[in-house]
Amino acid sequence: MAGRIKKYCGLASSWLAAFLGHCNLESTLRDSASPLRHLLRLSGPLKPAGFYSYSNTSATRIVKRHFSASFAPMAGTVEVETVEKDGKQYRLVKEGKATILVPHGAKIGEDRGEVQQVFYNPIQQYNRDLSVLAIKTYGEDILAKRKEKILAKSNKLGKNKKRKRDETDEADPSTETEPTTTLASDQVTEASEEQKTHKSTFTMLDALSASGLRALRYGHELPFVTSINANDLSKSAAESIKLNVSHNGLDDIISVTNEDALAHMYRAIADGLSKRDRHGNPSKSHKFDVIDLDPYGTAAPFFDAALQSVRDDGGLLCITCTDSAVWAGHSYCEKTFALYGGTPIKGMHSHEAGLRLILNAVATSGARYGLSIEPLLSLSIDFYTKVFIKVTKSPQAVKFLGSKTMIVYSCDHGCSAFETQYLLRSKPTPNKKGSGSFYKHGMAAGPPTDRHCQHCGNKMHVNGPMYGGHIHSAEFIEKLLEQIPNASPEVYGTLPRLEGMLRTALEEIIPGPEPDPTVDPKDAKHAEIDIAPFFIIPSKLATVVSCAAPSDDMFRGALIHLGYQVGRSHCRPGSVKTDAPWSTLWWIITEWIRQKSPIKASKFTPLMPGWKILHSAGLVGREDGAAPKEADSEMEDVQAATTADAQSEETAKKGDEQASSPSELELRKTLVFNDDLARLGRLRDSQKLVRYQMNPRPDWGPLSKAKAS
Ligand SMILES: C[S@@+](CC[C@H](N)C(=O)[O-])C[C@H]1O[C@@H](n2cnc3c(N)ncnc32)[C@H](O)[C@@H]1O
Ligand SMILES: [Zn+2]
């Protein structure tokens with residue numbers, strides 16, 4: 001049915017256009033024998049007169065019909081209209097508050113793999129909805145902060161001015177107050193200039209704009225935006241953007257350029273470097289508040305220019321990469337390294353690793369210029385990633401990048417265990433005055449693992465380097481979620497999925513240990529690493545040892561019982577995020593087998609990946625079936641893993657705190673897989689959320705690159 005409507009939708013708009021020139025639309029549609037009516041599948045009574053609008057002005061003729069959601073499965077209702085502009089036929093597509101004109105002959109993204117004149121992909125509405133909502137949240141926040149800062153600055157200047165005047169008056173009542181006043185008023189003028197500039201401008205670059213839809217939505221839906229530059233390399237795309245801009249009445253906000261995005265950004269950077277102020281600092285006039293990079297495939301070639309073209313006092317980069325085969329697959333690992341400076345991970349968490357590779361590529365590009373990144377939101381969606389990154393000039397923050405960058409050792413042929421190795425170590429060290437501590441950066445000890453997996457004995461592969469800090473900001477996601485109740489479903493066609501994914505992303509942030517109170521809190525924030533960088537899937541672990549899987553609730557319950565934190569990842573249904581080491585994960589699974597899901601030991605041979613795990617737990621290869629002595633020595637692994645993973649004294653401190661609570665060894669003795677444990681691990685949703693969107697149809701994926709024009 002969906003396919004039929006889809007096919008007719010396309011046909012219908014051309015037919016409607018053809019009919020328009022010859023007949024009265026309304027009476028044609030009201031004729032029950034009309035082939036047009038049949039084609040549009042108009043069953044039942046027609047809408048009141050006037051619903052099927054038809055206008056005829058000198059420049060534009062429009063016919064309207066509303067089609068059902070099956071045309072673009074996630075976009076709610078899609079309006080398909082036909083319009084004639086200056087003798088040319090277009091289909092109109094409405095998304096959010098914007099409308100784009102799609103030339104006849106150009107595809108509307110329903111047929112994957114076909115060449116398109118100008119890009120419109122309804123599948124990407126989610127990406128655009130998310131971008132609008134994220135930039136709205138970011139913009140409102142940053143503008144409020146800037147306003148506060150400027151007010152505080154002018155208040156301070158005002159006070160200084162008063163103090164200076166008082167001092168002058170006191171020193172010599174006859175002294176002219178002119179010089180002091182002039183100095184202060186210079187500063188005040190400077191402040192109010194800054195106030196004027198910062199308060200009144202919010203500039204954006206849609207560097208690879210295609211039809212301009214993104215820019216149009218930003219123009220319509222972000223009230224604080226003062227200018228948007230929509231750029232595209234393709235001449236026909238640029239012409240199309242211009243047409244769309246004027247059709248949407250946004251000529252005063254959106255400027256259109258037809259350039260290579262790199263040339264466009266580097267030219268502006270070069271201009272800025274040539275224009276220096278009296279202190280020798282390059283001009284920043286070319287810098288945008290927000291830059292959106294949405295290319296076909298990888299955005300990596302644009303990172304350097306975009307980092308230098310976005311504001312360096314907290315500007316926002318919005319980056320889409322659709323080359324999932326590169327950052328999440330292992331078949332092109334050489335390409336992954338070339339583009340992102342690291343190798344990918346093979347396994348269930350490959351998309352999470354992909355996000356970290358992309359973040360690392362951006363972070364290292366920025367570090368060269370003293371630019372530090374803060375990932376606000378990093379999502380793996382369908383076939384692409386979307387990351388929102390705040391960029392700030394801070395050589396101090398950049399010093400922590402090495403200790404937030406990790407190599408991962410993965411047992412990707414065996415049990416899927418992984419170990420992380422940070423490249424540097426940032427360690428709180430008492431200062432000479434004895435008044436506090438500072439972070440000392442040094443080389444990290446390694447390696448954290450043997451050549452073979454300590455759990456199953458298979459080969460460990462090396463992945464990365466990749467970003468090992470938090471991939472989202474909880475504060476930012478909370479602010480985004482606050483927008484949802486007031487967001488219109490008419491504008492954001494994908495609102496339920498937005499909310500579901502954002503709530504899930506919030507749950508994947510596992511807090512690390514409390515920072516050392518003697519260090520500067522700002523530095524402590526820079527030093528934060530993600531103690532649970534990758535999720536696991538309990539049912540996959542069960543597959544390794546060929547047992548029936550515990551329910552997710554039961555597995556989470558066991559982790560909580562043993563004193564670990566749990567969450568889930570937005571990347572995969574059934575995922576569990578936890579700070580538990582792998583020795584604990586395997587202990588839970590083997591204990592589950594022992595208590596609830598016995599295996600047939602004779603089925604297992606030493607060459608199977610699960611053999612060593614089961615053998616160490618005394619479940620196979622032992623006549624008496626008793627747990628071996630080494631089972632207790634697993635606790636040494638637990639402690640060793642916890643200490644090694646943490647790579648700083650902070651975790652040792654956590655260990656001290658834990659010394660007063662029962663040890664994991666004690667807690668293991670009281671773990672019983674029963675309903676109470678499952679209840680302990682149950683994650684309740686107060687409302688039904690669309691946490692994971694399944695592919696709405698086969699071949700769900702990116703559209704192919706348009707032919708050069
Ligand atoms: C995926 S589409 C953009 C889709 C658009 N952002 C949206 O949301 O509808 C990629 C666009 O990038 C343009 N493009 C490719 N390479 C470019 C370059 N080096 N500079 C500028 N535009 C480029 C293509 O012409 C194409 O229109
Ligand atoms: Zn293994």
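Here is a short tour of a predicted model, from its ligand to a sheet and a hairpin.

Before you click: residues count from 1 along each chain as its sequence is written, and chains are lettered from A and ligands numbered from 1 in the order written. Local features need pLDDT of at least 70, side-chain atom pairs count only at pLDDT 80 or more, and totals for chains, interfaces and linings use all residues.

Start by selecting ligand 1. Around ligand 1 sit 21 residues, with Leu-208, Ala-210, Leu-233, Ala-261 and Asp-294 coming nearest (a residue is near if its C-beta atom, placed from the backbone, lies within 6 Å). Helix H6 (213–221) and helix H8 (261–274) are the elements giving two or more residues to this shell; helices (H or I, at least four residues) and strands (E, at least two) are DSSP runs, numbered from the N terminus.

Next, pick strands E14, E13 and E17: in that order they make an open sheet of 3 strands with antiparallel pairing (two strands pair if DSSP finds at least two bridges between them). Strand E14 (418–422) and strand E17 (461–467) each have a single partner strand, so one side of each is left without a neighbour in the sheet. Zoom in on strand E13 (residues 405–410), which pairs with E14 over 5 bridges; Met-406 has Tyr-422 as its bridge partner in E14.

Last stop: strands E15 (residues 424–430) and E16 (residues 437–443), antiparallel and joined by 7 bridges. Pro-430 has Ser-437 as its bridge partner in E16. Between the strands of this hairpin are 6 residues, and Gly-434 takes a positive phi near 75°.
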